Amino acid sequence: MPYKAISDIGEFGLIDRISKLVQPTLAGTPALVKGIGDDCAVYRLSETTMQVATTDLLAEQVHFDLLFSPLRHLGSKCISVNVSDICAMNALPSYAMVSLAVPSSFSVGMIEELYTGMSQAASEYGLAIAGGDTSYSRSGLVITVSMTGEVTAERITMRSGAQPGDLICVTGTLGGAAAGLKVLMREKHIMLEQISGNEPYSNSIIADLEEYRNAIRHQLLPAARIDIVKFFHERNIVPSAMIDVSDGIGSDLRHICASSDTGAIILESRIPVNPQAREIADELQEDVITWSIAGGEDYELLFTLPPESACSIEDRRDISVIGEITEKETGILLTDIYGMTINLSDLAGYDHFRR
């Protein structure tokens, strides 16, 4: 077999290949409605009830940095990112299983702090932490969370239902998590440069992070939009397609379009940019729209609705209509504030394996 680096095909190319290899296993489980290719797998429990299931792995120095991620915050985030996947299916979470690979340098108190954050978040979302596994790690901390949820059959929402003419909507604001990470990374580099120069450590060199509180909170303590799912259920709203914003709306919108066999166009002027992200981008002389489209980790919900359903969300000020689903031939485009058209493929979101 000729050698091919994973970086040559990227994370999603790898997932496509894995999906083809496991496809034959699906035939023996007819109740499995959806396998690889959505935020969650979907299993039919009964004629009226669907179970959704997801799993996420977080590895130290890839997904988090313990130099600026308090363990209690990290525990909360581990739960929230999985609840976000459940929410993307228009479902509510039921229970989670948590597995850890822990370096020998960790203390009992550190693990208790991590689980305190998990327990607090789980209580807020109304789900149970029901078990898991523990192991030794020769490198950094590795956390895996698996979670299930439930939704009625008529409310289940996947990535594949968008139709030309549907409105493209997003909750909350975007770019805050990317801005928070930029600030934290800047302060980390300042601290490490000081230490590597054998200078006495001085807190005065590090910025007062209180002024960046909003953006840092978006990065370290994201909240899954379970409130939006409950709102949908109360109003009997069923989005035609939905995904959570983990890799950036550019990448996540492409997932919806690929699954739905459509194109899309969004308007820069309608993208709800996090106000503090805009301030930080100005300070760092970077582009806040790029952060909002490709920054990722906002964990908002990106969804589509038939235009006749627009009236059902117009009183929610935290939902923005940012564009429209089009025919596939249109491509996936962004119209900027000057009227120029940009191919969103040029603003790729996070990919674990791309160089």
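Buried means under 20% relative accessible area, exposed over 50%, and partly exposed in between (1.4 Å probe, protein chains only). Helices (H or I, at least four residues) and strands (E, at least two) are DSSP runs, numbered from the N terminus. With these terms in hand, let's work through some exercises.

The model is a predicted one, where local features need pLDDT of at least 70 and side-chain atom pairs count only at pLDDT 80 or more, while totals for chains, interfaces and linings use all residues. Residues are numbered from 1 along each chain as its sequence is written, and side-chain values use heavy atoms, with hydrogens and water left out.

**Exercise 1. The whole chain**

Task: Find out what radius of gyration the protein has and how it fits the globule rule.

Solution: 
- Start with the rule: 2.2 Å times the number of residues to the power 0.38, with the radius taken over C-alpha atoms.
- For 355 residues, a compact globule would come out near 20 Å; the protein has 21 Å, which agrees.
- Next, the box: along the principal axes, the C-alpha atoms fill roughly 65 × 50 × 50 Å.
- Then the make-up: nine helices and 13 strands, with 47% of the 355 residues buried.
- Finally, contacts (heavy atoms within 4.5 Å): among those between residues at least 6 apart in sequence, 82% join residues at least 24 apart.

**Exercise 2. Helix α4**

Task: Compare the span of α4 with the expected one, and say which of its residues are buried.

Solution: 
- The expected span is 1.5 Å times one less than the number of residues.
- Helix α4 covers residues 176–196, 21 residues in total, and reaches 30 Å from its first C-alpha to its last, close to the 30 Å expected.
- Its buried residues include V183, L184, E187, K188 and M191.
- An α-helix has 3.6 residues a turn, so residues three or four places apart point the same way.
- The cover over the buried residues of α4 includes α5 (213–220), α8 (275–284) and α9 (288–294).

**Exercise 3. Positive phi**

Task: Where are Q61 and N236 found, and what phi does each take?

Solution: 
- Recall the background: most residues other than glycine have a negative phi.
- Q61 lies in the loop between β3 (49–59) and α2 (71–87), with phi near 70 degrees.
- N236 belongs to the loop between α6 and β8 (241–244), and its phi is about 55 degrees, although N236 is not a glycine.
- Check accessibility: Q61 counts as exposed at 53%, and N236 is exposed too, at 62%.
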